[in-house]
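Here's a quick tour for anyone meeting this structure for the first time. Have a look at it, then read on.

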Amino acid sequence: MGGLMQVVFDALSLGSLYALGALGIALIFGVMRLVNFAHGDVIAFCVFALLWPSVDAVAIIFAGNLPWFLLIPFTLAVGAGLSVLSEVVVFRRFRRVNPATMMIASFALGFVIRYFLLMLFSSRPKSILLLPGLSQPVEIFGARIPLLQLITILVTIAVLIGLTAFLRRTRFGLEMRAAAENFTMARMLGVRANRVIMGAFALSGALAAAIALILGSQTGTANIMMGASVMLMAFIATVIGGMGSLAGAVIAGFALGAIATVMQVILPPDARAFRDAFVYGAVILVLIFRPQGLLAARGTRERV
Amino acid sequence: MTELRADKVSVAFAGLKALSGVDLTVTPGQIVGLIGPNGAGKTTLVNVLTGFQAATEGAVLLDGQPLGSLKPHEVRRRGIARTFQGGRLFRDLPVIDNLEVTGVGLGQSRAVAIAEAEAMLDWVGIAPLAGRIAGALPYTDERRVAIGRALMGRPKFLLLDEPAAGMSAQEAAELSALIRRIAVEMGCGVLLIEHNVGLVLGLCDHIVVLDSGAVIETGPPEAIRASEKVRHAYMGSAADIDLPVLEVEA
């Protein structure tokens, strides 16, 4: 029982990361048809923001030492701020180009962020001690799991509920849902296009920051490549979920987390090193049978 | 004087004239029909009147003032609303949200938009559909939602682009009654583009006939029915064919 519960919690916490990442990508894709490959680098940027203003890992003098109730808003603000800045400085200029060009621009932006971090912090991973109290284990249903894993799952559930309420109950959410389905029509009806897009970027950046906090606490390191692996899985989750479908992105994120965790358990030890190959194999199978994704967003099919 | 007027509007696409020197006026409470064969330029004219397409020559005047190069949502805010062929609703959103987002886009607060959306659905006769997902509605209901959406903010003028396409005679008659209510009860000036000539002849006070981008005839329904030019444009000959008239419930 304990072993099974352990697998369930592992799957849920890994799925949470993927779901949060996939949501961040799907939010922007929904309103702009942009696959933002810089998302992973925004995650890495947020982790390194904890070292500011020092670039030396052993001398954390500001952000990383903040109490949690300041640390969390600080990191979320950094993520949201960088993401909105990337919209204003880069993506706004690409509004009228085709999605492939925007995607290339996002790659370029990702490299700029990554090499900026490389220049400041070098490529050697830094150790950061973030919210150390979270590593102690708690016992649930006979399974001993780190408190952080539980918090990751709960935070993700809270984010999903909060985001759903935001999209359903607020004026901004209404405009965002309309713009995600048919941006041109929404604009013609007077929906505030720039604000909706900036809002989507801010939310997406805040989600990247949430992942940064979770990853930073989990691994205890800051690494300029740390967003990339989450980004890849999150991107796959948005594709499987149906590009632009928020619900699909979340479901697929959790499904990928579950598949990866289960593979880790059931694969023979020699094959475990190839776990990701099996996961990607499962992805190919899904896309062969449902190329439009699990829950295809209508806006991707019909545009005015 | 309140009126929406196209003044010698011409539109050329890559040298090809889609509209040439079209004049048309709609006044509040009036239902003007715009008919013509496929490719006559009807939708292009609606696009020009609503800011979706710039006129190459001529102007669109609202109450005597030229609209200039206003964007579609700015034209909408001045009280000129339109529907689109095929409805073009936000198909993943509930019906009420389709209306609400229009109100919000017009600058209403959310509470005002919700209240007006509910009242409008009731007025159009589809209040029970408020919570339904727009994309799952039957065709005729979808059209009514599109009209309800266009009526948000009580526009002075409503331009309907083929609202009866694909409807049965009974459904078209119900739609006619609704359009008449829009003109009479709301005092809205309606420009009706429709392939169903019978519906237009039975409903409109005044009809403009376009062919190949130019106005070939204007006048009351009787004059249009009697016009040789109109018969020729529609039938390709001056054959003696009676244009049908659809009876409209008062």
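## Ground rules

Helix axes here are lines fitted to C-alpha atoms over the stretch in contact, and angles run from 0 to 180 degrees between N-to-C directions. Helices (H or I, at least four residues) and strands (E, at least two) are DSSP runs, numbered from the N terminus.

This is a predicted model, where local features need pLDDT of at least 70, side-chain atom pairs count only at pLDDT 80 or more, and totals for chains, interfaces and linings use all residues. Residues are numbered from 1 along each chain as its sequence is written, while chains are lettered from A and ligands numbered from 1 in the order in which they are written.

## The whole chain

Chain A has 11 helices and four strands. Its radius of gyration, taken over C-alpha atoms, is 19 Å, close to the 19 Å that the globule rule (2.2 Å times the number of residues to the power 0.38) gives for 304 residues, so chain A is as compact as a globular protein of that length. The C-alpha trace spans about 55 × 45 × 35 Å along its principal axes.

## Two helices that meet

Now for one pair: helix α3 (residues 68-89) and helix α8 (residues 193-219) of chain A pack with their axes 7 Å apart, at an angle of about 135°. That makes α3(A) oblique to α8(A), the label for whatever isn't under 35 degrees (roughly parallel), over 145 (roughly antiparallel) or 65 to 115 (roughly perpendicular).
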